[in-house]
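Please read them alongside the sequence and the structure.

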Amino acid sequence: MSGTHIKKNDYVTSPKGSLLYVNITGQGKENYDGDGYDYVATVDVPKKEAKQFIKEIDAFLEDNQPSKSHSIRSLPYRTSKDSEKIPEDVVRFSFKTQTTFESGDTRKINLFNHKNDRVSLPEGTKIGNGSVGLISGKITIYTGKKDYGATLWLNGIQILKFEEYIEDSGFEEQDEGDFENFDTNLQPGIEEKPKKDKKKKKKKV
C-alpha cells in the first residue's frame, strides 16, 4: 500500500505484511498490567515499505509531545535492534484493543477480504502466522509524568493470504509404547466430565 497511513481523525492502516500473533476471539490475551484482556494483532512489514508509516508515527509523536521535558517511553513498532526474534529485514507493528467495551459488551474485530468485503472465519478457526494482510485501527498518545508514547489500537484486519492456525503438540509419533498401568482417570483422548449432583426426591408424607 502506498500513500498516507495515518488519516483523518488519526485512523491508521498499516502497509501489507506478514501477520503474526493474531488473537481476536474468545478471552483474548492478558494485558500488560494483568487486570484485563486485549485482542492483539501484529504485522511484519518489509523495511522499505515500512519507512513511510514510521515517518508518520514519528511525526505524530513529535506533534503531540505533552511538553519539552517529556521523553518518548516506547514506540508501537520494533526492529531487530529491539529484539533478536525480529528478522533484520522487517519492521514489526503491534496493534491491540480491549476485548470488551465499557458497557461490558464483547468487542468484535472486523475481517475483510482483498475486495474489502466483510468476511468471517468458521467457528473455531484462527488466523495463523504466515497469513498476509493489513491492519487498521487508530493511533493515540498516552502520557506519563515525564514520558509519553503512542498506541496503535486494533479495529480490523484485511486478509490477502490466509494460513490457518493449527496447534501443534510438539511431539512425534513413537514406534512403541502402551498404556499399561496408566492412570485410569487419564485414558487417551477421553476427558472426564464432572459428575452432576443428583437431587434426592422428597418422599411424600
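In which sense do strand β2 and β10 pair, and over how many bridges?

1. Strand β2 (residues 17-23) and β10 pair in the antiparallel sense, over 2 bridges, where two strands are said to pair if DSSP finds at least two bridges between them. Helices (H or I, at least four residues) and strands (E, at least two) are DSSP runs, numbered from the N terminus. Within this pairing, Gly 17 has Gly 133 of β10 as its bridge partner.

2. This is a predicted model, in which local features need pLDDT of at least 70 and side-chain atom pairs count only at pLDDT 80 or more, whereas totals for chains, interfaces and linings use all residues. Residues are numbered from 1 along each chain as its sequence is written, and side-chain values use heavy atoms, with hydrogens and water left out.

3. β2 also pairs with strand β4 (residues 37-46), in the antiparallel sense and over 4 bridges.

4. A search of the whole structure finds 3 salt bridges, a salt bridge being a side-chain nitrogen of Lys or Arg within 4 Å of a carboxyl oxygen of Asp or Glu.

5. Arg 73 forms a salt bridge with Asp 147, with 3.1 Å between the closest N and O atoms. Here too distant parts of the chain are linked, with Arg 73 in strand β5 (residues 71-74) and Asp 147 in strand β11, 74 residues apart. Arg 73 is partly exposed because its relative accessible area is 48%, and Asp 147 counts as partly exposed because its relative accessibility is 23%.

6. In the salt bridge between Lys 161 and Glu 163, the closest N and O atoms are 3.9 Å apart. Lys 161 counts as partly exposed at 43% relative accessibility, and Glu 163 is partly exposed with a relative accessible area of 33%.

7. The largest pocket has a volume of about 1700 Å³. On a 1 Å grid over the protein atoms alone, a pocket is an open set of points with protein on both sides within 12 Å along at least five of seven lines, and lining residues have an atom within 4 Å of a point; a volume is the space filled by probe spheres set on the points, which are joined across faces, edges and corners. Its lining holds 49 residues, of which Asp 38, Val 40, Ala 41, Phe 95 and Lys 96 lie nearest the centre. Strand β7 (residues 90-98) gives the largest share of this lining, 5 residues.

8. The second largest pocket has a volume of about 190 Å³ and is lined by 12 residues, with Phe 112, Asn 116, Ser 136, Gly 156 and Gln 158 nearest its centre. The largest share of that lining, 4 residues, comes from β11.

Terms used: On a 1 Å grid over the protein atoms alone, a cavity is a set of points where a 1.4 Å probe fits but cannot get out, and a pocket is an open set with protein on both sides within 12 Å along at least five of seven lines; lining residues have an atom within 4 Å of a point. Buried means under 20% relative accessible area, exposed over 50%, partly exposed in between (1.4 Å probe, protein chains only).
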